[in-house]
Amino acid sequence: KVAGKDASDQGPPPRRTVRLTHPDRLYWPDDGVTKEGLADYYADVWRYMAPFVVGRPLALLRCPNGIAGEKFFQKHAWKGLNPKVALVQDPKEPDGAPLISINDLDGLMGLVQSAALEIHPWGATVADWERPDMIVMDLDPGEGVAWQAVIDAAHEVRRRLADAGLEPFVKTSGGKGLHVAAPLKPAATWPAVKAFAKSLAEAMAADSPELYVATITKAKRRGKILIDYLRNQRGATAVAAWSTRARPGAAVSAPLGWDELGPEIGPAYFTVSNIPGRLAALASDPWADFRAAATPLDMESRTGKTRG
Ligand code: ATP
Ligand code: MN
Ligand code: MN
């Protein structure tokens, strides 16, 4: 085991310096999760979450009055934003409003202070805007799809990504589905990564049309799983690993080991309340090796089903 990667052998969570106003404000009223409770959660998971949120453009789902109130999806900086939050300029929009980014836990606390209850990063960093460092396949079950079918779809995506030379990881969405993500060495640009993701989704839909669809056409979705590949285009986002969801239950998007997929762990199983216990019990973070597993996308690689 690599030193410092075990969940159990780390020191206390890092200290935070951002002052929270109204720390007792209930963000998830039915679950008793307050602004301070959210800050405590993020301090606990920060060492695992950091690689997925630091130095990336972020879109936020903000809910100033908690999840029962108004929600707005925000990708541009605003006046009064906490100074610990970084502003970044999209090089393709030199005259546009700055985008939001963070560099450290204080930045994340600035987002908590701003009632950002969901954090949605780009799949690229501000060090290399044009070349994604991860691919995310978002599995969206239509009505009436059994959970086991979503798990089967995740394994299928896993196999196809592995066939392309990538190392896939899986997480709950904290909503209804699963996300299968693979780290990339930034090399291929957005159009190439999108084309790869599209061909993977279309190959699955072509091979198993009774199970999968690759396009968002509601009529076609009932009983099927949308293999949503559109997270993989410039400016698109997917919810961050460890981010909370602004939905009842205070679920989070939780990294899993592949062997954990099963009937017990549903898409919203892990929450702000039970993650601390999970971290204490886990031998190691199932996504600890995510960055180290990065591989450049080989555009010649195959996404099809048949193997020789
Ligand atoms: P679920 O499992 O319930 O589908 P999800 O997070 O995957 O949860 P999706 O609706 O599939 O939800 O959306 C996938 C991603 O697309 C989101 O995580 C978010 O980053 C992005 N997204 C969703 N809605 C919007 C929106 N209104 N504007 C911009 N991006 C969005
Ligand atoms: Mn989804
Ligand atoms: Mn989707």
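What is the mean pLDDT of the protein chain, and what share of its residues reach 70 or more?

**View 1. Confidence of the predicted model.** The protein chain has a mean pLDDT of 93, with 91% of its residues at 70 or more. Residues 1-8 are an exception to read with care: their pLDDT is below 50, and beyond near neighbours in sequence the stretch has 10 contacts in the model. Where pLDDT is low, the predicted coordinates should not be read in detail. For the complex, the predictor gives an ipTM of 0.94 and a pTM of 0.93.

**View 2. Fold of the protein chain, with 6 helices and 13 strands.** The radius of gyration is 19 Å, close to the 19 Å given by the globule rule for 308 residues, so the chain is as compact as a globular protein of that length. The C-alpha trace spans about 60 × 45 × 45 Å along its principal axes. Of the contacts with a separation of 6 or more, 71% join residues 24 or more positions apart. Buried residues make up 43% of the chain.

**View 3. The largest nonpolar core, of 85 residues.** Val 53, Ile 135, Met 137, Leu 139, Ala 154, Val 180 and Ile 227 touch the most other members. Helix α1 (residues 35-53) supplies the largest share of this core, 8 residues.

**View 4. Surroundings of Val 180.** Leaving aside neighbours within four places in sequence, Val 180 is in contact with Met 137, Leu 139, Ala 154, Val 157, Arg 158, Leu 161, Pro 168 and Val 170.

**View 5. The shell of 14 residues around ligand 1.** His 120, Ser 173, Gly 175, Lys 176 and Gly 177 come nearest to the ligand. The shell comprises 4 nonpolar, 5 polar and 5 charged residues.

Methods
Residues are numbered from 1 along each chain as its sequence is written. Chains are lettered from A and ligands numbered from 1 in the order in which they are written. This is a predicted model: local features need pLDDT of at least 70, side-chain atom pairs count only at pLDDT 80 or more; totals for chains, interfaces and linings use all residues. A residue is near a molecule or strand if its C-beta atom, placed from the backbone, lies within 6 Å of it. Ala, Val, Leu, Ile, Met, Phe, Trp, Tyr, Cys and Pro count as nonpolar, Asp, Glu, Lys and Arg as charged, and the others, Gly among them, as polar. A nonpolar core is a set of buried Ala, Val, Leu, Ile, Met, Phe, Trp, Tyr and Cys residues joined through C-beta atoms within 7 Å. A residue is buried if 20 or more other C-beta atoms lie within 10 Å of its own, exposed if 12 or fewer, and partly exposed in between; C-beta atoms are placed from the backbone. Helices (H or I, at least four residues) and strands (E, at least two) are DSSP runs, numbered from the N terminus. Two residues are in contact if their C-beta atoms, placed from the backbone, lie within 7 Å. pLDDT is the predictor's confidence in each residue, from 0 to 100. The radius of gyration is taken over C-alpha atoms; the globule rule is 2.2 Å times the number of residues to the power 0.38.
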